[in-house]
Amino acid sequence: MMNEQPVKIAQITCGAEYSGIQNEITTAAETVGGKMFYPDVALKDVKRAYRDFGLLVKSPDLKLAIARAQAVVEGRIEADGIFIASCFRCAEAAIVRNELRRYIVENSRIPVVSYSFNERTGASTLLTRLEALTTIARRRSLMTREVQIGTTMGVDSGSSTTKCIIMQDNKIIGTGWRPTTEVLKSADEVVTLALEESNLKISDIEAIATTGYGRFLVGKHLNADLVQEELTVNSKGAVYLANAQKGFATVIDIGGMDNKAISANDGIPGSFTMGGICAGASGRFLEMTAKRLGVDITELGALSMKSQGGDDVPMNSYCIVFGTQSLVNALASGYKREDVAAAACHSVAQQVYEQQLQEVDIKEPVIMVGGSSLIQGLVRAMGRMLNTEIVVPHHSQYIGAAGGALLASGFVNKKKEE
Amino acid sequence: MKPYVPQYVGTITKYVFVDSPDITPQDIATAAYEIAQGIMIKETCFGCQITGSPEDVERIINHLQKLDPYRIYVKDRGFPPGDARRCRADLGGARPGYLGHEYEMDLARYITYGLQETDRMTNEKLKITADQKVPRPEMLDIEILESLMKEE
Amino acid sequence: MAKVFIYPATSLILSTLVTRFGHQPLGSAISIREHIQTPGFDSPPIQITSDDPQYGLKWAAVEVPSGIRGRMSLYGPLVEEADAAIIIDEPDLAFGCMGCARTNELLAFMLREKNIPRLELNYPTSKEEGVTFVAAIKEFLKNLERQ
């Protein structure tokens, strides 16, 4: 991989240099084999693009952003991927960012990631996003896989849980699931569980993929063939399990630490976002809710479904501290436990809707994956918000592991040839 | 984080632009080299950049301005010339400031004309002119323009 | 010699005229140069680090985007230093340091708020306007000498 040409990423940003984070962007790109560049445009291009595009913003650097995007989309400048970003809390730039992303997705096949930053944004935050971008650009052949072959394993070392799946001839034959304690110990445990269930030995496994926060460590430990960030792996796994590999699909994964929203076309992510202002908008808040209500997280979904939706319970999980406060207040005011559970689900769905889903195009089917997709109240709340029937595929809580096992099969024949 | 050790501390860099039918950017750079005395001169497509002590830079600019007093434009630059952080070759595209130059250089001819005219003015005339407002012709409506073009 | 803040702060035209008529232009390059020539942590291209938007809190509150606060950390000290200001309205095609309309609004406001001689005008669009443009600036700068 080291001798490959770097992936050319067109940088379309406003405010990065003045926020002091340009170096973070450049460094993150270089770490994942990418090279940021500014699409070269002349003044006349800016004037023309601004007029053509028709979004009459006032900031000159946003006019420049429009011209740079147009130059890439029209093919005057070659790029493998596009990174659009602007200052967090800038309304003018947020409008441009959104419209440019939409314009790029509709008029080209170039993968794009959009992001809003502040002065504290570091290279590590940008890494996963840019890794996904370079993967989509560079490894399209890997991403087009639709059928699992041979005997492969996927391990997803997530922030709250570790999962493993073993697949054989396009079927899931073994699974393992454990809360993440020590990264390697948890990984070994889930691998053992999955091997036991499938009646196999580790030597029977032909290819291994790892994903999630602990992917590098676990990947090295298991001598994995593929070590891949969770954005591409999860979206691939989602469309595979939901049998939605052709055409458009939207994948939502509300995780323990952050949320992902991916808009995929033929199983390949076109645009995606990842983040969350606060744990209040993630699965972590639902864990807290379950604890407070005295139920196991696995029972929270059933409890919330006893309620009509808990619409009258005041609940705002924009921030996990305020969210917890409203939780305590609601219970103290005498609201029923099921209504509080449903309101918590609604609040998380609302945060994801406001923060993530504005950054991707929602196209049906909408597929929910990850552990939180088993909380029916959350799926119901999201469905109501998007006015659609959400698809939750089988094994959705194993999404990263399933996607990993699928993608790992790209290495089966290669290894045989060797 | 990597420590940063600056180069050229204590120097200043100035851009010299020329917009003249008689003097080319290359002429400017050549004239600057002639009296450089070791001062850093970098030829560019619009003139040159000069880096050195404030006194040296001023000495060279004074000389250059005599070549075409109304058509030489000068401004400060934060970076030394050829700095990789701002270089088009390294960034893939022009830094944003370049387009701003393009925009203003397009207006330079009006400024040149204004400089020549005001140099011939008495103090009184200058004062009166300074307070004047030139009426701007109304912009032609784009639809009218389109229909006119179609008629043609 | 007066220190004259030029707006657009990247303006070649204003820089040329202010210098030509005997004063010192204050613009972006002065602050950028200071950043580029000061040792510290490496943060290319313009050596603005996360500390600068924090310093920018002096002129803009924390809910103001980081890019604005970072830019204000360049301009704020210059505005404080300025004896006079020349403002060209609507710098709609001045990029980079002047690339953010919100910063530009705040900056122009600060210059107007400050009790210093100030000249506001538009870019010329013809030779005739070029004459009044230069005359207005020349006259303004001449009067600064007397003050």
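This is a predicted model: local features need pLDDT of at least 70, side-chain atom pairs count only at pLDDT 80 or more; totals for chains, interfaces and linings use all residues.

Helices and strands are here DSSP runs, numbered from the N terminus, a helix having at least four residues and a strand at least two. In those terms, Pro8(C) is found in the loop between strand 1 (3–7) and helix 1 (12–20) of chain C.

**Chain B and chain C**

- The contact between these chains involves 49 residues of chain B and 47 residues of chain C, and the area buried between them is about 4,500 Å², with carbon and sulfur atoms giving 64% of it.
- Three salt bridges are found across the interface of chain B and chain C, and in one salt bridge the side chains of Lys2(B) and Asp42(C) come together at 3.6 Å, N to O.
- The interface of chain B and chain C also has 20 residue pairs in polar contact, counting pairs with both residues at pLDDT 80 or more.
- On the side of chain B that touches chain C, two or more residues come from each of several elements of chain B, including strand 2 (12–18), strand 5 (72–77), helix 4 (96–105), helix 5 (108–119) and helix 6 (123–131).
- Helix 5 of chain B provides the largest share of that side, eight residues, and by class the side of chain B that touches chain C divides into 28 nonpolar, ten polar and eleven charged residues.
- Strand 1 of chain B pairs with strand 3 (residues 40–41) of chain C in the antiparallel sense, over two bridges, and Tyr4(B) stands opposite Gly40(C), which belongs to strand 3 of chain C.

**Chain C and chain A**

- Here 33 residues of chain C and 25 residues of chain A take part in the contact, and the two chains bury about 2,200 Å² between them, 57% of it on carbon and sulfur atoms.
- Four salt bridges are counted between chain C and chain A, and the side chains of Asp61(A) and Arg71(C) form a salt bridge at 3.2 Å, N to O.
- Between chain C and chain A there are also 13 residue pairs in polar contact, with both residues at pLDDT 80 or more.
- Helix 3 (51–55), helix 4 (66–81) and helix 5 (101–113) of chain C each supply at least two residues of the side of chain C that touches chain A, and helix 4 of chain C gives the most to that side, with six residues.
- The side of chain C that touches chain A comprises 16 nonpolar, nine polar and eight charged residues.

**Backbone details**

- Most residues other than glycine have a negative phi, and most peptide bonds are trans.
- The peptide bond from Tyr7(C) to Pro8(C) is cis, with omega near 5 degrees.
- Another cis peptide bond joins Pro44(C) and Pro45(C), with omega about 5 degrees, and Pro45(C) is placed in the loop between strand 3 and helix 3 of chain C.
- Arg89(A), a residue other than glycine, has a positive phi near 80 degrees; Arg89(A) sits in the loop between strand 3 (81–87) and helix 5 (91–107) of chain A, and it counts as exposed because its relative accessibility is 51%, the cut-off for exposed being over 50%.
- Tyr8(B) likewise has a positive phi, near 55 degrees, and lies in the loop between strand 1 and strand 2 of chain B, where Tyr8(B) is partly exposed, with a relative accessible area of 37%.

Terms used:
Residues are numbered from 1 along each chain as its sequence is written. Chains are lettered from A and ligands numbered from 1 in the order in which they are written. Side-chain values use heavy atoms; hydrogens and water are left out. Contact means heavy atoms within 4.5 Å. Buried area is the accessible area (1.4 Å probe) that two parts lose on being put together, summed over both. A polar contact is a pair of N or O atoms within 3.5 Å; within protein, one must be able to donate a hydrogen and the other to accept it, and residues adjacent in sequence count only if both atoms are side-chain atoms. Ala, Val, Leu, Ile, Met, Phe, Trp, Tyr, Cys and Pro count as nonpolar, Asp, Glu, Lys and Arg as charged, and the others, Gly among them, as polar. Two strands pair if DSSP finds at least two bridges between them. Buried means under 20% relative accessible area, exposed over 50%, partly exposed in between (1.4 Å probe, protein chains only).
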